[in-house]
Amino acid sequence: MGAVRTGAFECPRIHSTSLAKPTTTSADAIMKFYQHELAYRHASQRLTRREALKKMGAGLGCVGLASMMPNASAAELVERVSPLAPKAPHFAPKAKRIIQLFMPGGPSQVDTFDYKPEIAKHAGKRPDLVDRKSLRNTKMGLMPSPFGFQRYGQSAKWVSDIFPKTAECVDDLCFIHSMHTDIPEHAGGILMMNLGALQPNRPSLGSWLTYGLGAETENLPGFVAMSPRAQPRGKLANWGNSFLPGAYAGSYVNIQQMRADAVVRDLVNKDLPRAEQRQQADLIARMNRLHLERLERDQHLEASIDAMEMAFRMQFSVPEVFDVNRESQATRDLYGESEFAKGCLIARRLVEQGVRMVQLSHSIDGYDIAWDTGHGDIEGGHAKLAHACDQGIAALLKDLKARGMLDETLVLWGGEFGRAPTSEGAKGRDHDHYGFTVWMAGGGVKPGFSYGATDEFGLSAVKDRVHVHDLHATILHLMGLDHEKLTYRYSGRDYRLTDVHGNVIHDLIA
């Protein structure tokens, strides 16, 4: 299935019929054209007596079966109409929505949130703990962080000086210092963090969530992915639905330009008023459904019908939700003027409107793995990146808390892996998948809490190790979903986000 781009939004491709376009732009002429075509298609689908008897014979048994089955509830009927209708979780959830602040490129744990003073004591040396095979391509030793660290909050958490505003919120944060993943390569690491797999052939986390829970909005997608300027490496796969029905795919928004007409172009139809647009959309949907009946089942066409309906609704809802000028001046000042900060504000507005998950990826200067500047210049690169996102992160946490939303909104921060405590060249660090840090806030996790630990130099997770599969299992649990029961049958087997792995980290849960 292809994709159709509407402004900066990407949606599944809408099914196009082989109809010739009307030669007039008159609304009445357009409607008559589609009505005549619809009548023609109805006539062309008349059954022969043999076909009618065949279908009726099969149907009589279903009538008897239906009388033995309980009547469908109103909620079930709604669900059939809209695949994104809210669904009951497996058990009472701690969180109702997720905002993922994704830092592609690998932020260095020992320069941000995992303070390791022992590095400075052994600067230039290569102790056995850091003499890993994958790091033997260099003879460089331990490199102390160029940044200072200070304690913050009642939890007395050490935080780097490049995150002073986020540090003000440490008593709301739940740190995991013992993350590890499978490979130290960006494309695979990013896919693992977002899909739970190293190849782009599985549904994304947000797609699984909307499949399991639906959304709490009818006018916006259940899952929205955003970034300023550059999409994270892997692009569509990071918010794609893979083999799940197309309604559960994420929609991508480039937030470089925050005007509503730049997010979705051609918002105003100069030829048709809204009522007639609604009629036209309904007619096209009916025609597509006739085609779907002939095919009996076509996932791509079903997705196209859903996408067309969502596109119609979005033209009226997107201008409102993406218009940050509707916020008070005090709120806009809280977030600041950076692209990432505005993305944080939009993320809050989206979840406030019922979007189930928002993924906001950090990019800068059009670089898709921004934090990978750590190879050549930790001091300059990490300081610039942290400055670009620090105020927005803190503002999002404070704003959610002030609005009473943080308790039911899970905020996740982190990249696909971390960086080694040894130097690469004079000022940089290489990739490190053995141990790194992510943090969560709100959504039922313990505030002001640190879980797990790396070794004394910050290279490898050594205490209470957490794999990405464990993180995903825990996130699903917080959302009220059993990761072993959230499955989808495809190609002869049952698939799940965590594959055959993953354990819920109950010690993180409040």
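Me: Does Asp 172 count as buried or exposed, and at what relative accessibility?
Reply: Keep in mind that this is a predicted model. The cut-off for buried is under 20% relative accessible area. Asp 172 falls under that cut-off, so it counts as buried, at 18%.

Me: Which side chain meets Asp 172 in a salt bridge?
Reply: Opposite charges are the thing to look for, as side chains of opposite charge can pair when their charged atoms come close. Here the N to O distance is 3.0 Å, and the partner of Asp 172 is Lys 401. That pair links distant parts of the chain, 229 residues apart: Asp 172 is in the loop between α5 and β6, while helix α13 holds Lys 401.

Me: How many residues apart in sequence are the parts tied together by Glu 352 and Arg 403?
Reply: These two form a salt bridge, with their closest N and O atoms 3.5 Å apart. Glu 352 sits in helix α12 and Arg 403 in the loop between α13 and β10, so the parts they tie together are separated by 51 residues.

Me: How many of the residues of helix α7 are buried?
Reply: This helix runs over residues 205-213 and is mostly covered. Among its buried residues are Trp 208 and Tyr 211. The count for α7 is nine of nine.

Terms used
Residues numbered from 1 in each chain as written. Predicted model: local features only at pLDDT ≥ 70, side-chain atom pairs only at ≥ 80, totals over all residues. Heavy atoms only, no water. Buried < 20%, exposed > 50% of the residue type's maximum accessible area, 1.4 Å probe, protein only. Helix = DSSP H or I, 4+ residues; strand = E, 2+ residues; numbered from the N terminus. Salt bridge = Lys/Arg side-chain N within 4 Å of Asp/Glu carboxyl O.
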